[in-house]
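Here are my notes on the model you sent. Please read them alongside the structure.

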Amino acid sequence: MAHPTFDDRDGWIWLDGRMVAWRNAKVHMLTHALHYGSSVFEGERAYGGQMFRSTEHSSRLKESGRTMDFEIPWIVEQIDAAKAEVLRRNDLTDACVRPLAWRGSEMIGVGAQSAAIHLGIAAWEWPSDFDPAHRMHGVRIDMADYRRPDPTTAPALAEASGLYMICTLSRHRAERRGFADALMLDWQGRVAECTAANVFLVKDGALHTPIADCFLAGITRATVIDLARGLGVPVFERRIMPAELTDFSECFLTGTAAEVTPVSGIASIAYKPGAITAALIDAYAEAVRPRRAAA
Ligand code: PMP
C-alpha cells in the first residue's frame, strides 16, 4: 500500500501559520481536544487546483469555533490563503482539504479558558468521479439508531468533532449490515441527514429536504438547492417524517465528499435514481468545474 497511514506521508501541512513537513504535524496526548472533544473542522474539495466555496467553508469553520467558545486566531481571508498555499505547496489539483482547529495542551480539565487555539490544514489527492454510468447505481442506506441531538443538548449546528461520535457508530453499524451509510432522525423523530451528508427526496418533480435547524446545513446542500431552483425544480425545505419515505420516487445525498450521490434504497424502501437526480449530478459537476480567470 502506498500510504499505510495518514500520519506517514510526504508533503507539507500548514500548522499555526507555518508549513511543516507532513510527518511533523503532531500533537501531544495531553491536548484538550483529544480528551474533551474541543475541536472543529471542515471537509473541503479542490477541483482543478481551485478550492470550491473556500470562503463559505472558512466562515463556517470560524463560526463552528465560536459555537465551541473559541475564536480561531486567523481571519477568513488568511484561512482561504492558507488553503490555497497548501494546494500549491503539495502540487495538488483534485484534493480533499481538511482544516482542523483545536484547544491545545496548556490546560487539561473541563474548563480550559486559556488553552491556546491551534489551526492546521492538510490536503491530499482526491479525484472526483462524475461518471454517470457508475454513479447512477445508487447506494443503499440503513436507518441509524442514534438521533441527531436537540440543539439545547449539544452544539448541533457546528462541524464539531464531538458530534461525530454517533456518526461513526451509526456508520459502522450500517456497514456491518451491508449498507453504505445510515439515515439519522432528529431528536423529534423526523428525517434529518446521513452521517456526513444531507438528504434530498423527490416527489412529483419537486425536491424535499429537511429543515437544517438541528444538524449541519451543508454547503453542498445550499449549492444544490440553488442549482435545482435554477433548473426550475421546486424545492421544499420542510419537516419529513420517516413514515413518508415510501411516498418518494428518487433520493440522493449531498456533501463535499458525497457530491450528489443517488440512493437506491433506505432500509427496505427502494428508490430508482432518475431524471432529477441525474440533472443535479450534471449541474453540480458543472458548478464545481474550475473557472478560468478572465483574460
Ligand atoms: N452533514 C454532516 C454531518 C457532514 O459531516 C457533512 C459533511 N461536512 C454534511 C452534512 C454536508 O456538508 P457539506 O455539504 O458542507 O460538505
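1. Basis. This is a predicted model, in which local features need pLDDT of at least 70, side-chain atom pairs count only at pLDDT 80 or more, and totals for chains, interfaces and linings use all residues. Residues are numbered from 1 along each chain as its sequence is written, and side-chain values use heavy atoms, with hydrogens and water left out.

2. Domains. The protein chain splits into domain 1 (12-125) and domain 2 (132-288). The bounds come from an automatic or database domain assignment. Taken over C-alpha atoms, the two domain centres are 26 Å apart.

3. Domain interface. Contact (heavy atoms within 4.5 Å) links 18 residues of domain 1 with 18 residues of domain 2. About 1,500 Å² is buried between the domains, and carbon and sulfur atoms give 57% of that area. Buried area is the accessible area (1.4 Å probe) that two parts lose on being put together, summed over both.

4. Helices α2 and α3. Helices are DSSP runs of H or I, at least four residues, and strands are runs of E, at least two, numbered from the N terminus. The axes of α2 (residues 54-67) and α3 (residues 76-89) come within 9 Å and cross at roughly 125°. Axes are lines fitted to C-alpha atoms, for helices over the stretch in contact; angles run from 0 to 180 degrees between N-to-C directions. The pair is therefore oblique. Angles under 35 degrees count as roughly parallel, over 145 as roughly antiparallel, 65 to 115 as roughly perpendicular, and the rest as oblique.

5. Their contact. On the α2 side are Ser54, Thr55, His57, Ser58, Ser59, Leu61 and Lys62; α3 supplies Val76, Ile79, Asp80 and Lys83. By class, the α2–α3 contact has 3 nonpolar, 5 polar and 3 charged residues. Ala, Val, Leu, Ile, Met, Phe, Trp, Tyr, Cys and Pro count as nonpolar, Asp, Glu, Lys and Arg as charged, and the others, Gly among them, as polar.

6. Helices α6 and α7. The axes of α6 (residues 219-230) and α7 (residues 275-288) come within 10 Å and cross at roughly 110°. That makes α6 roughly perpendicular to α7. Thr220, Thr223, Val224, Leu227 and Ala228 of α6 meet Leu280, Ala283, Tyr284 and Ala287 of α7. This α6–α7 contact has 7 nonpolar, 2 polar and no charged residues.

7. Histidine 118. Histidine 118 lies in strand β7 (residues 117-125). Beyond its neighbours within four places in sequence, histidine 118 contacts Asp16, Leu100, Ala101, Trp102, Gly104 and Glu106.
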